[in-house]
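Come and look along with me.

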Amino acid sequence: MPDLGVTPLFYPARPTLSVDGRDLPELREAVLSLMVEETTDGLYRCEASFGNWGTRRGSVDFLYFDRELFDFGKDFSIRMGPGRTAKTIFAGRITALEGRFPAKRPPEITILAEDRLQALRMTRRSRSFEDVDDQEVIETIAADHGLGTELDIEGPRYAVLAQVNQSDLAFLRERARAIDAELWIAEGRLHVQARARRQIDEIELTYGRGLRELQVRADLAGQRSCWSVAGWDPSAKEAIEETADAQSIQSELEGGESAAGLLGSALSEHGERSVHQAPLTSAEAQALAGAEFRRMARRFVRGQAMAEGDARLRVGSRVRLGGLGALFDGVYSVTEVRHSFDGQNGFRTHFEVERPGLGGGA
């Protein structure tokens with residue numbers, strides 16, 4: 001929740017909107033609703049609706065259909081929140097214009113925008129990379145689009161990596177997934193970082209005080225005791241198989257009990273074996289096994305929440321939830337965020353969280 005003492009009890013919830021780098025105060029009153037959505041896949045998107053009927057140049061007419069203000073490719077950003085908690089929750093480019101003509105309200109215009117990963121989504125190709133690691137591949141793709149990089153990743157070296165009829169964004173997502181990393185755009189730079197290595201300030205939210213609603217579940221149905229990845233080493237001409245287990249998630253448990261441990265004690269141990277990824281070295285197989293096991297394990301405890309609008313809540317944030325009892329109190333990772341504003345509900349933040357441990361979150 002916003003820190004008490006920093007966030008006033010009452011404050012103007014309307015956003016600050018910028019087009020082509022210019023803050024436009026008149027849009028604060030014209031905005032009817034907006035939504036900004038973020039996920040761990042990157043490519044954040046935005047929808048914003050504005051009243052589109054009024055006095056313009058001496059006559060009553062449509063306000064924004066001339067594309068003078070809102071136009072394809074223009075930079076569009078949104079800043080929300082009071083005081084020191086105010087942050088930019090979206091920065092991207094306009095990709096669509098939509099006219100709305102309701103039966104009982106004046107006409108509206110809705111703009112849709114995506115962040116700079118949009119260019120990678122629209123670029124599809126087939127190519128191969130030889131004798132590279134993931135950092136070199138990511139830097140090459142970023143350079144193709146004029147993006148700088150902020151990378152904090154580890155991974156094996158590959159004899160060959162193939163991008164086969166994939167968009168640059170889809171290929172980047174595939175590479176990030178293989179090394180247990182997440183990607184996003186910030187201030188014109190492509191960021192790729194393993195979740196466990198992200199250094200982000202912790203946000204505290206308490207049920208009934210900032211945290212308005214939460215539905216959270218600990219579910220063993222999709223969990224496994226270990227995860228194995230099999231492949232073939234062409235240089236040694238032998239099969240390879242590497243396995244990851246609960247040890248690979250131990251540092252993220254925050255004192256909680258892992259799904260793998262509960263699975264063995266409450267039901268029975270079950271493993272998963274992947275044979276479709278075809279790694280060529282033991283290092284590749286171990287990286288894949290660890291990434292798949294951690295991804296699965298983190299989904300053991302998952303929740304959907306609604307909070308008072310808080311621009312600090314972003315994908316990758318660590319949020320400490322309280323007032324939920326010993327079973328569900330503790331630190332979670334934010335995996336999806338949807339900031340919204342409208343005249344009836346003001347500023348609200350819906351978000352999803354997950355963590356690999358149950359109970360005892362320190």
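**Entry 1: a buried arginine**

I started with Arg195, which counts as buried at 14% relative accessibility (buried means under 20% relative accessible area, exposed over 50%, partly exposed in between, with a 1.4 Å probe and protein chains only). I then looked up its partner: the side chains of Arg195 and Glu182 meet in a salt bridge, 2.9 Å from N to O (a side-chain nitrogen of Lys or Arg within 4 Å of a carboxyl oxygen of Asp or Glu). Arg195 lies in the loop between strand E14 (189-194) and strand E15 (202-207) and Glu182 in strand E13 (residues 181-186), so the pair ties together parts that are 13 residues apart in sequence. Glu182 is buried too, with a relative accessible area of 8%.

**Entry 2: what I am looking at**

I reminded myself that this is a predicted model, where local features need pLDDT of at least 70, side-chain atom pairs count only at pLDDT 80 or more, and totals for chains, interfaces and linings use all residues. Residues are numbered from 1 along each chain as its sequence is written, and side-chain values use heavy atoms, with hydrogens and water left out.

I found six helices and 25 strands in the protein chain (DSSP runs numbered from the N terminus, helices being H or I with at least four residues and strands E with at least two). Of its 362 residues, 47% are buried.

**Entry 3: a hairpin and its arginine**

Next I checked strands E5 (residues 53-56) and E6 (residues 59-62), which run antiparallel and are joined by four bridges (strands pair if DSSP finds at least two bridges between them). Trp53 has Phe62 in E6 as its bridge partner. Two residues sit between the strands of this hairpin, and Arg57 takes a positive phi near 55 degrees.

Which residue does Arg57 form a salt bridge with? I found Glu68, with the closest N and O atoms 2.9 Å apart. Arg57 lies in the loop between E5 and E6 and Glu68 in the loop between E6 and strand E7 (75-80), so the pair ties together parts that are eleven residues apart in sequence. Both Arg57 and Glu68 are exposed. I also noted a network of salt bridges linking Arg56, Arg57, Asp66 and Glu68.

**Entry 4: one more pair**

Last, I looked at Glu308 and Arg348, whose side chains meet in a salt bridge at 3.3 Å, N to O. Glu308 lies in strand E21 (residues 301-308) and Arg348 in strand E24 (residues 346-355), so the pair ties together parts that are 40 residues apart in sequence. Glu308 is partly exposed at 30% relative accessible area, while Arg348 counts as buried at 16%.
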